[in-house]
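Subject: Predicted model, handover and findings

Hello,

Please find the model below, with the sequence alongside. My notes on what came out of the calculations follow it.

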Amino acid sequence: MRKLVVGSRRSKLALTQSRQFIERLKKVEPDLDIEIKEIVTKGDRIVDKQLSKVGGKGLFVKEIQQELFDHEIDMAIHSLKDVPSELPDGLTLGCIPDREIPFDAFISKNHVQLADLPDGSIVGTSSLRRGAQILAKYPNLEIKWIRGNIDTRLSKLETEDYDAIILAAAGLRRMGWSDDIVTEYLDPELLVPAIGQGALGIECRSDDTELLDLLSKVHNQEVAECVTAERTFLKEMNGSCQVPIGGYATIDDNGRLTFTGLIMSSDGKQRFEQTATGNDPVELGKEVSDILKEQGAKEIIDALNEES
């Protein structure tokens, strides 16, 4: 196998999960020679705005994809929730490895549970999806946007005007943070996760058969089917970071999938949610999206996308 160059964002989390995936690859091919190339994306450069206000898709992947086209790197290790539902021609997801916990982690001062936060408490999140779902359930709370890596957000919780923050549990786990810092993991019935949350997407050139053969050895087909249902829903609904959209699929021992799709207004006052079960992940994602479109969810998305 030739030497491989992996493209990764420069954040601590991105580099950590890239190293962890490389270790996974080396368990099946111990003699691999792999190096990481750090790439700064548009999403990394914009630190003073909500990403939902920036507009566009692929804020954390476009520069990395260009390096693939230019043959500067051989593969990219993405957080799958950052990857748009449609890939450019010539690129493919070579594998979907094992998924980390897909839920959201609620972290508060003094470990006060979400349901016990006093009226007017400030919850920090950079996600429209999280903010809308929290406001729908707890309209007595205030949502305040927060940016930065995990360490930065945890520091802001202690030093700035936040009573709690919400982070992806997967990032905390991958960075080795103890469960002790988490006040509670939020059940998907309360907070539907982001599309692909907790999963990685390993992107490479579609014609790189040697690399695709290697990646197939660490591919998790059950996870791939779950995220395919989720990403199909995202594509059908034309979702982006401007839209409070969520989706979460599970698979049972018989290979049967259950998928829940969610669309909300930013203020949490309109909610469209549907759960369906089936065997084909693509058909399942389309089924849920068709139902929500009939209910009027597409109007919310179109309006929010026009504003951006």
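**Loop residues with positive phi**

N110 is exposed, at 76% relative accessibility. On this scale, buried means under 20% relative accessible area, exposed over 50% and partly exposed in between, with a 1.4 Å probe and protein chains only. The areas are from the Shrake-Rupley method with a 1.4 Å probe, and for residues only the protein chains shown count as cover.

The model is predicted: local features need pLDDT of at least 70, side-chain atom pairs count only at pLDDT 80 or more, and totals for chains, interfaces and linings use all residues. Residues are numbered from 1 along each chain as its sequence is written, and side-chain values use heavy atoms, leaving out hydrogens and water.

N110 has a positive phi of about 60° and is not a glycine. The residue sits in the loop between β5 (104-108) and β6 (122-124); helices (H or I, at least four residues) and strands (E, at least two) are DSSP runs numbered from the N terminus. H71 also has a positive phi, near 60°, and is likewise not a glycine. H71 belongs to the loop between α4 (62-69) and β3 (75-79) and counts as exposed at 56% relative accessibility. For context, most residues other than glycine have a negative phi.

Helix α5 (residues 128-137) is mostly covered, with 7 of its 10 residues buried. The buried ones are L128, R129, R130, G131, A132, Q133 and I134. At the start of α5, a side-chain oxygen of S127 comes to within 3.2 Å of the backbone nitrogen of R129.

In helix α1 (residues 12-28) there is S18, which is buried at 0% relative accessibility. The S18 side chain reaches the backbone oxygen of A14 at 2.9 Å. A polar contact here is a pair of N or O atoms within 3.5 Å; within protein, one must be able to donate a hydrogen and the other to accept it, and residues adjacent in sequence count only if both atoms are side-chain atoms.

Helix α6 (residues 150-159) contains R153, buried at a relative accessible area of 13%. R153 and G124 are 29 residues apart in sequence, and their C-alpha atoms are 8.5 Å apart.

**Salt bridges**

How many salt bridges does the structure hold? There are 20 salt bridges, each defined as a side-chain nitrogen of Lys or Arg within 4 Å of a carboxyl oxygen of Asp or Glu.

One of them joins K217 to E29, with the closest N and O atoms 3.0 Å apart. This pair links distant parts of the chain, 188 residues apart: K217 is in the loop between α8 (209-215) and α9 (221-237), and E29 in the loop between α1 and β2 (34-39). K217 is partly exposed at 41% relative accessibility, and E29 is partly exposed at 28%.

Another is formed by E236 and K293, whose closest N and O atoms are 3.9 Å apart. E236 lies in helix α9 and K293 in helix α10, so this pair ties together parts 57 residues apart in sequence. Both residues count as partly exposed: E236 at 23% relative accessibility and K293 at 28%.

E273 and R271 also meet in a salt bridge, at 2.9 Å from N to O. E273 is partly exposed at 32%, and R271 is partly exposed at 35%. Salt bridges with shared partners join R2, D74, R205, D208 and E210 into one network.

D280, E283, E287, D290 and E294 form a negative surface patch. Patches consist of residues with over 30% relative accessible area and no salt bridge, like charges being joined within 9 Å and nonpolar side chains (Val, Leu, Ile, Met, Phe, Trp, Tyr) within 5 Å. Lys and Arg count as positive and Asp and Glu as negative, while His and the chain ends are not counted; a charge is placed at NZ of Lys, CZ of Arg, CG of Asp or CD of Glu. D280 is in the loop between β13 (271-278) and α10 (281-295) and is partly exposed at 38%.

G296 is in the loop between α10 and α11 (297-307) and is buried, with a relative accessible area of 19%.

Regards
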